[in-house]
Each structure stands twice: as C-alpha cells, then as structure tokens.
Amino acid sequence: MLRRTLARLLLAAPALPLLGCNMYTSSCGPAGEGTGEPSKVNQTFRIADLQLADGGTPEPGASCEQLCVLAAPQDNPPGPCSLQSGDGGTPETVTCTVTFLCEGRRPEGLLSDGSVDGRVSALGALFASMAHLEAASVPAFERLARELEAHGAPARLVRAARRAAADEVRHAQAMGTLAERHGAPVPTVEVEPFQPRALERLALENAVEGCVRETFGALLAGWQARCAGDSEVRQSLARIAPDELRHAELSWEIDAWALSRLDEAARRRIQEARREALRTLQREVEESVEQEEFVRLAGLPSREQARKLVQGLAEWVITAEA
Ligand SMILES: [Fe+2]
Ligand SMILES: [Fe+2]
C-alpha cells in the first residue's frame, strides 16, 4: 500500500524532457533534539548574482546580513555569515547559513552537520551534504540491526536492516562521486558512541527518521530520478530510489512490530512523535531555500510540489495509523 501511495504521488513528477521541474535544494545536517529543527548549512553565493526586489544590485558596502537576506530570503533574520574578497580586496562572495530540506535516516547522536567549508559551488555543497547524510545512514542501520536482534525482532527485519546499511554505503559513494565532480569534499560523519536503548526509544527514532524522513526521502529520490536535468544525477538517483522505497517499507514493518510489543501509552507517544515529525517536515518545506540553479540539474520538486508530497505522505500516515 505504501508502494502504491508513493507511486501515485510520484505520478505528478514531470518526466524529462519536460521542463518545469522547479527544483529545490536538499541537504542534510544533524537531527535536532527530538523531532529536530530544520537543517542549516553554509552556502556561498556570488554577490554579482544577487538582485534586489526592484531588479537593482546591492550597494557596494552591503553587509553579509543584508546580502544573505537577498540570497536566502527564507532565512530572515539571517544566521552567521561572512564576506570573501577577491584579489582586488572587494567582496565577491558571501557565505550564508541557509535552511535546507533534509530527507533520510539520521542516527541519534549525529554530531557532524554535513556543511562544507570554503568556496564550493551550491551544487557541490548540495551533493556533499547528501553524501554525508547517506554515510550517516550506514551507522543508523547497523545500529538498528544490532538493536532489533537484541530486542528479539524477527530475523528478516534484522537481515533487511543489514542490507539497508550496505545500500547506504553505495548511496554515499554515488553522492560522493557527484560532490567530487563539483569539487566539494564530503564532510566526515561523526556520531556519539551508541548506548543500548529501550525498545520505545528505538521505535521513536524509527517513527521519525524512518516512517517520516526516510519515506519522504524515498519520494524525493523517485522525483529526482525523473526530473534531474543532469543525466548522472538522474542515473544515480534511479539506482538509489528503489532502495529507499525498500527502506521506507522496512521502517513501517519495524514500526508495526515494535508497536505490537509496547503498551498503549508508548504507542501514543510514538504516534505523536511521528505527527510532530510531519509538522517539522512541513515547516522545512516552507523554510528551505529555492534556487533556480538546482531546478535544471538536481531534480528536486518545487516548494509547491514538495507541499503536495508532504501532504500526501501525511494522509498516508493517518491511514496507516488507523
Ligand atoms: Fe540512502
Ligand atoms: Fe535509506
């Protein structure tokens, strides 16, 4: 049923060579506390590309805060920023803290944020952050497999989690290759040492990171596999999308198994965490930066399209929980 729902939502994705795949950037920092704040990364913009609302250009002495409001208007007030000067001593680029939509499974205790320092292109930063998230999913699934085994889960769920960890290694390599093409180094994943967890905590993480974020990630991957104007991005995502769909299904199977072992109060807490994760995702869609540059190449949905995808996912969640 999940497969059918996601396939129906993806029917709205305009397949190439149709244009109008208004894209929208995605990158993946650490999970915030609980259901998390939207992810932030540093992104560098060429000042010459920035425009005022009336079509004019920014004042020569504009501060990085003023420039960042132009570059990423969703992030107002802007976060930490800096100016970089060229050979003549005049500022040429501005680095802003921008909000990105983040999809995929992040392990509890993820310390690294996936941001790329230095002057890399926006696409480079995007792919490096995506590679970072894929790499972070490896320990997330390895841990999940060990915990499922320790909690007596069916062997097929343990095997599926191990297989997913191996999938994520390939995904990280594929995204890393795309980042490399754009000269962006992939940030190292740092995770706090894992401690044994109660089943409810495992189930809470799975509800947020798996049933919501990774399921939305499966939707995004499917969308990008159709929409990305860059054929290498399209091919990479076409290989990743079926795996992500399987991971989304696994999340829901783990959810069903875990809920069957928990009491009513714990089930309610998990349901509420999942609803809150959906609200966070909706907020991220509204706050994330949209860049025309990614429209042609990375294949991500426009804000309006992403809204519909999140809405479709929210409707699915309500049905699945009923
Ligand atoms: Fe992945
Ligand atoms: Fe995944």
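Modeller: In this account, a residue is buried under 20% relative accessible area, exposed over 50%, and partly exposed in between, with a 1.4 Å probe and protein chains only. The structure is a predicted model, in which local features need pLDDT of at least 70 and side-chain atom pairs count only at pLDDT 80 or more, while totals for chains, interfaces and linings use all residues. Residues are numbered from 1 along each chain as its sequence is written, chains are lettered from A and ligands numbered from 1 in the order in which they are written, and side-chain values use heavy atoms, with hydrogens and water left out.

Colleague: Why is Arg3 called partly exposed?

Modeller: The relative accessible area of Arg3 is 42%. That value lies between the limits of 20% and 50%, so Arg3 is partly exposed. Arg3 belongs to helix H1 (residues 2-10); helices are DSSP runs of H or I with at least four residues, strands are runs of E with at least two, and both are numbered from the N terminus.

Colleague: Which residues does Arg3 contact, leaving aside its neighbours within four places in sequence?

Modeller: They are Leu245 and Glu249, where contact means heavy atoms within 4.5 Å.

Colleague: What makes Asp167 buried?

Modeller: Its relative accessibility is 2%. This is under 20%, so Asp167 counts as buried. Asp167 sits in helix H4 (residues 155-181) and touches Asp243, Arg246 and His247, not counting residues up to four places away in sequence.

Colleague: How do you know that the side chains of Asp167 and Arg170 make a polar contact?

Modeller: A polar contact is a pair of N or O atoms within 3.5 Å; within protein, one must be able to donate a hydrogen and the other to accept it, and residues adjacent in sequence count only if both atoms are side-chain atoms. The distance for Asp167 and Arg170 is 2.9 Å, which is within 3.5 Å.

Colleague: Why are Asp243 and Arg170 said to meet in a salt bridge?

Modeller: The definition asks for a side-chain nitrogen of Lys or Arg within 4 Å of a carboxyl oxygen of Asp or Glu. Asp243 and Arg170 are at 3.3 Å, N to O, so the pair qualifies. It links distant parts of the chain, Asp243 in helix H6 (residues 231-260) and Arg170 in helix H4, 73 residues apart. Asp243 is buried at 9%, whereas Arg170 is partly exposed at 45%.

Colleague: How many salt bridges does the structure hold?

Modeller: It holds 28. One of them joins Glu209 and Arg106, whose closest N and O atoms are 3.0 Å apart. Glu209 lies in helix H5 (residues 199-227) and Arg106 in the loop between strand S3 (91-100) and H3, so this pair ties together parts 103 residues apart in sequence. Both Glu209 and Arg106 are buried. Another salt bridge is formed by Arg162 and Glu149, at 3.0 Å; Arg162 is in helix H4 and Glu149 in helix H3, so parts 13 residues apart in sequence are tied together.

Colleague: How do you know that the length of H4 agrees with its number of residues?

Modeller: The expected span of a helix is 1.5 Å times one less than its number of residues. The 27 residues of H4 should therefore span 39 Å, and the end C-alpha atoms are 40 Å apart, which agrees. Just after H4, Gly183 takes a positive phi of about 70°.

Colleague: Which residues coordinate the iron ion (ligand 1)?

Modeller: They are Glu134 (OE), Glu168 (OE), His171 (ND1) and Glu244 (OE), at 1.8 to 2.3 Å. Donors are N, O and S atoms within 2.8 Å of the metal (3.2 Å for Na, K and Ca); water is not among the atoms, so sites may look incomplete. Glu168 also bridges the iron ion (ligand 1) and the iron ion (ligand 2), which lie 3.4 Å apart. Both Glu134 and Glu168 are buried.
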